[in-house]
Amino acid sequence: MFDDLKGKRVLITGSTQGIGLAAVEAFARAGAKVAMNGRRVPVDLEATLARLNGLGGEVVFLQADVSDSAACGTLVEAFVERFGGIDVLVNNAGGLVARKPLPEIDDAFFDAVTDLNSRSALMVTKHALPHLKAAAAQSGTTSSVISVGSVAGYTGGGPGAGLYGAAKAWLHNIQKNWVAFHTKDGIRFNMVSPGTFDTAFHADKDEDTKARIGSGFPMGRFGRPEECAPTFLFFASHACSGYITGQVLDVNGGQYMP
Ligand code: NAD
């Protein structure tokens, strides 16, 4: 179904675990050349890469803290040096940093949340842009930028997650500008907006709490990372979504229906 992803060069930020890692696996199974990125080198890196490289594609690890703008540029350079260009960028790195209600928010916390969730995607996209444009021209199809939003981008986020929700809403919004001004470059921009997925993001909750929260969703449970992964393949594949840009696909078990 995703035959045209074979050999495509895919950079996925924040992908050593959770939703990002499931995306790396899905692209590898489709035969893509993928860079898994994280702030730190995972302890089990060699075993993980051996497993991932047995799936049918090619996977490398590139270390970079994408909260740091200079590191975003270095990450893109390292990727291009390895694979010769970029066909698909997935801006997945993100997180709460911490839960802080409004009275506790200071400049340092504001910077940490917005650097990780907003500025990282902006900077990696900025540096990737000429490569995505070149790849589109070379292939005669489109390149694809897929950013990871959140249900919190619509709802404003849960307790202490207001800044996080706002940072994701910022992404939902700025994508519209990128579509307006860079579609001519052959680049499509879409967003995957997860609801509530069972990853380290919810490490502050025990299993009973997760079950109780999940029972309030139409699907009756949290999502699993591998249930989000095919949406990245869909937006990456020109054959599947070549005329789709500027959209937000909500993968949330019916938790929220915008
Ligand atoms: P996770 O915590 O399991 O994964 C986050 C990944 O980002 C990890 O691989 C981590 O190493 C990486 N990362 C964190 N900071 C980084 C940095 N500065 N530089 C590079 N990498 C960094 O969480 P997840 O649930 O898999 O989250 C993935 C994305 O989905 C995030 O953008 C998150 O905001 C979003 N999201 C998650 C949920 C959910 O319920 N899990 C809901 C909505 C949106």
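This is a predicted model: local features need pLDDT of at least 70, side-chain atom pairs count only at pLDDT 80 or more; totals for chains, interfaces and linings use all residues.

The entries below follow the order in which I looked things up.

I looked up the strand order and found an open sheet of seven strands, β3-β2-β1-β4-β5-β6-β7, with parallel pairing. I then checked its edges, where β3 (58–63) and β7 each have a single partner strand, so that one side of each has no neighbour in the sheet. From one strand to the next, the twist averages 20 degrees.

On the next step, strand β5 (residues 143–148) pairs with β6 in the parallel sense over six bridges, and isoleucine 146 has asparagine 190 of β6 as its bridge partner. β6 is in turn joined by four bridges to strand β7 (residues 248–251), again running parallel, and I recorded valine 248 in β7 as the bridge partner of methionine 191.

Which residues point each way from β6? I found Ile187, Phe189, Met191 and Ser193 on one side and Arg188, Asn190, Val192 and Pro194 on the other, all of them buried.

I looked up the axes of helix α3 (residues 69–83) and helix α4 (residues 107–139), which come within 9 Å and cross at roughly 35 degrees, and the crossing is right-handed. On the α3 side the contact is made by Ser69, Cys72, Gly73, Val76 and Val80, and on the α4 side by Arg119, Ser120, Met123, Val124, His127, Ala128 and His131. Sorted by class, the contact has six nonpolar, five polar and one charged residues.

How many disulfides does the count give? The count comes to zero. I checked cysteine 228, which is in no disulfide and whose nearest cysteine sulfur, that of cysteine 240, is 16 Å away, whereas a disulfide would need the two sulfur atoms within 2.5 Å. Cysteine 228 is buried, at 0% relative accessible area, while cysteine 240 counts as partly exposed at 23% relative accessibility.

Conventions
Residues are numbered from 1 along each chain as its sequence is written. Side-chain values use heavy atoms; hydrogens and water are left out. Buried means under 20% relative accessible area, exposed over 50%, partly exposed in between (1.4 Å probe, protein chains only). Helices (H or I, at least four residues) and strands (E, at least two) are DSSP runs, numbered from the N terminus. Two strands pair if DSSP finds at least two bridges between them. Axes are lines fitted to C-alpha atoms, for helices over the stretch in contact, and angles run from 0 to 180 degrees between N-to-C directions. A crossing is left-handed if the near helix is turned anticlockwise from the far one by less than a right angle, and right-handed if clockwise. Contact means heavy atoms within 4.5 Å. Ala, Val, Leu, Ile, Met, Phe, Trp, Tyr, Cys and Pro count as nonpolar, Asp, Glu, Lys and Arg as charged, and the others, Gly among them, as polar.
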